[in-house]
Amino acid sequence: GFAELLEHGDLDEETQKKAYRIIKTQADRLSGLIASIINFNELDNDELPCYDCDVALAARETAESLRADIEGRGLTLTVDAEEAVNVPTRTERLAEIFGNLIRNAIRYNKPGGTVTVTLNIDRFEVADTGIGISEENLNTVFRRFFTVDKSHSGKIGGFGLGLAMVKKICQREGWSISVKSKEGEGSTFTVKF
């Protein structure tokens, strides 16, 4: 709609600038959605070999890459990782899992809340003190395009592919993923190797 208005030249300079910003934001969002869909579908064709990966290192590196977001939201991050936990997979798969789970823990948390990553020999958990997930949505959070932000504006959430990707990777690796949550108290996602 803004592109058509700009084409006709009926907007004042300030409204034009706003229109350009909105068009760019939405174009970037659409590009992100397309990239997410491609990444999700490419996992089915990923035949690259697995190798032993250091899970604690992947957790720490991912958490560190998100530190600015964590601090910007006034959250506290704790990574309690047992050392020498290696699993046969690929580093980018672990980074995708940790990235999605930690970003969600940041995005849906409360100001001053906590994000805790715990790792031991047979599992890891990402827990938050955020808004939680309603009981009726616990069975749907891993579906493609499910998002808590029903407005489709993207102000809170993403495209609803992150947890679907996490589940798909876990299934591919032979791992299980589960979630426990209570509205207003937070969520805990558990991946068992």
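Reader: How are α3 and α5 oriented to each other: parallel, perpendicular, antiparallel or oblique?
Author: In this predicted model, in which local features need pLDDT of at least 70, side-chain atom pairs count only at pLDDT 80 or more and totals for chains, interfaces and linings use all residues, the axes of helix α3 (residues 55-65) and helix α5 (residues 91-107) cross at roughly 45° and come within 9 Å. Residues are numbered from 1 along each chain as its sequence is written, and side-chain values use heavy atoms, leaving out hydrogens and water. Axes are lines fitted to C-alpha atoms, for helices over the stretch in contact, with angles from 0 to 180 degrees between N-to-C directions; under 35 degrees counts as roughly parallel, over 145 as roughly antiparallel, 65 to 115 as roughly perpendicular and the rest as oblique. The two helices, α3 and α5, are therefore oblique.

Reader: Which residues of α5 make the contact with α3?
Author: Contact means heavy atoms within 4.5 Å. From α3 come V55, A58, A59, T62 and A63. On the side of α5, the residues are L94, A95, F98, G99 and I102.

Reader: In what order do the five strands of the open sheet lie?
Author: Strands are DSSP runs (E, at least two residues), as helices are (H or I, at least four), numbered from the N terminus; two strands pair if DSSP finds at least two bridges between them. The edge strands, β2 (76-81) and β6 (176-182), each pair on one side only. The pairing is mixed, and the order is β2-β4-β5-β7-β6.

Reader: What is the angle between α5 and α6, and is the crossing left-handed or right-handed?
Author: Helix α6 (residues 162-173) packs with α5 at an angle of about 145°, their axes 9 Å apart. A crossing is left-handed if the near helix is turned anticlockwise from the far one by less than a right angle, and right-handed if clockwise. The crossing of α5 and α6 is left-handed.

Reader: How far apart in helix α2 are E13 and K17?
Author: The side chains of E13 and K17 meet in a salt bridge (a side-chain nitrogen of Lys or Arg within 4 Å of a carboxyl oxygen of Asp or Glu), at 3.7 Å, N to O. In helix α2 (residues 13-42), E13 and K17 are separated by about one helical turn, because they are apart by four residues.
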